[in-house]
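Me: I have this one open on my screen. Let's go through it in short steps.

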Amino acid sequence: MFAQLSDTAELRPLEVWQAEEFAAHLDRAREHIRPWVGPSFVTVDVAGAKATLTRYAEGAARDGARIYGIWGAGVLVGGVMFVEFSAAAGTCEIGCWLEPGAEGKGLITAACRALLEWAFEVRGIHRAEWRCRADNGRSSAVAERLGMTFEGVLREAWRIGDTYYDKQVWALLNKDWAREALG
Ligand SMILES: CC(C)(COP(=O)(O)OP(=O)(O)OC[C@H]1O[C@@H](n2cnc3c(N)ncnc32)[C@H](O)[C@@H]1OP(=O)(O)O)[C@@H](O)C(=O)NCCC(=O)NCCS
């Protein structure tokens, strides 16, 4: 998937050969994203970055999870992913992250719209989910901006160390997307 997100930003597949670039980006993003994303995503070197991209490449080979980078003026500044993707079940889950300097520009909302368009209109997915820590206001704001419905809280479902955080579930159905597209 390729999409122009603004005059200077674009969405492109993020692949194993880009592990060094991904690792350099994670050096800028790591502490910013650490509290809010799965621990396996927060790697510390090129080998770790390559392992993440390999996991997603294997997912894509099975028509499952996939990852895409966002380049702003040629620099990798974040991305979006299908954390889960099942054409058979008709469901997917979208995730995202940015380095701090790329926040506040609408890049993630635009990138998620590109993923949703592909999922609903090309792949016929029925339900797209968004899961975030309940205290992650910037993340739930994206879900709301995308027109998702807040469906509830999974109590203490997000463990970091010895602390269990509540997790929100948001979702958009294909018919909601189609209705919004019609205006
Ligand atoms: C979650 C996260 C990706 C959201 O980033 P974000 O920049 O707030 O989201 P967007 O890229 O959609 O940008 C929206 C912001 O840009 C502004 N904006 C500017 N132009 C815009 C446009 N054309 N369209 C939409 N928003 C626009 C919005 O007003 C909003 O700013 P505000 O929050 O100050 O009101 C980011 O905070 C992050 O990386 N957090 C850490 C990792 C994380 O939480 N990941 C998600 C795990 S569930």
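This is a predicted model: local features need pLDDT of at least 70, side-chain atom pairs count only at pLDDT 80 or more; totals for chains, interfaces and linings use all residues.

**Salt bridges, sheet and pocket**

Me: Which residue does Glu-10 form a salt bridge with?

Reply: Arg-12. The closest N and O atoms of the two are 3.1 Å apart. A salt bridge here is a side-chain nitrogen of Lys or Arg within 4 Å of a carboxyl oxygen of Asp or Glu.

Me: How many salt bridges does the structure hold?

Reply: It holds 12. One of them joins the side chains of Arg-127 and Glu-129, at 2.8 Å from N to O.

Me: Are Arg-127 and Glu-129 buried or exposed?

Reply: Arg-127 is buried, and so is Glu-129. The relative accessible area of Glu-129 is 15%. Glu-129 also forms a salt bridge with Arg-131, with the closest N and O atoms 2.8 Å apart. Arg-131 counts as partly exposed, at 29% relative accessibility.

Me: Which residues end up in one network?

Reply: Arg-127, Glu-129, Arg-131 and Glu-151. Salt bridges that share partners join them.

Me: New topic. What is the strand order in the sheet?

Reply: S1-S2-S3-S4-S5-S6-S8-S7. It is an open sheet of eight strands with mixed pairing. Strands (E, at least two residues) and helices (H or I, at least four) are DSSP runs, numbered from the N terminus. Two strands pair if DSSP finds at least two bridges between them.

Me: Which strands stand at the edges?

Reply: S1 (3-4) and S7. Each has a single partner strand, so one side of each is left without a neighbour in the sheet.

Me: How do S4 and S5 pair?

Reply: In the antiparallel sense, over eight bridges. Ser-86 has Thr-91 in S5 as its bridge partner. The two strands form a hairpin with four residues between them, and Gly-90 in the turn has a positive phi of about 80°.

Me: And S5 with S6, parallel or antiparallel?

Reply: Parallel, with four bridges. Ile-94 has Trp-130 in S6 as its bridge partner. The chain crosses from S5 through H3 to S6, and this β-α-β crossover is right-handed: with the strands pointing away from the viewer, the path from the first strand over the helix to the second runs clockwise.

Me: What about S6 and S8?

Reply: They run antiparallel, joined by seven bridges. Cys-132 has Gln-168 in S8 as its bridge partner.

Me: Last one. Which residues lie nearest the centre of the largest pocket?

Reply: Trp-36, Val-37, Cys-96, Trp-97 and Ser-139, out of 38 lining residues. A pocket is an open set of points on a 1 Å grid over the protein atoms alone, where a 1.4 Å probe fits, with protein on both sides within 12 Å along at least five of seven lines; lining residues have an atom within 4 Å of a point.

Me: Which element gives the largest share of the lining?

Reply: S5, with six residues. Six of the eight residues in S5 are buried.

Terms used
Residues are numbered from 1 along each chain as its sequence is written. Side-chain values use heavy atoms; hydrogens and water are left out. Buried means under 20% relative accessible area, exposed over 50%, partly exposed in between (1.4 Å probe, protein chains only).
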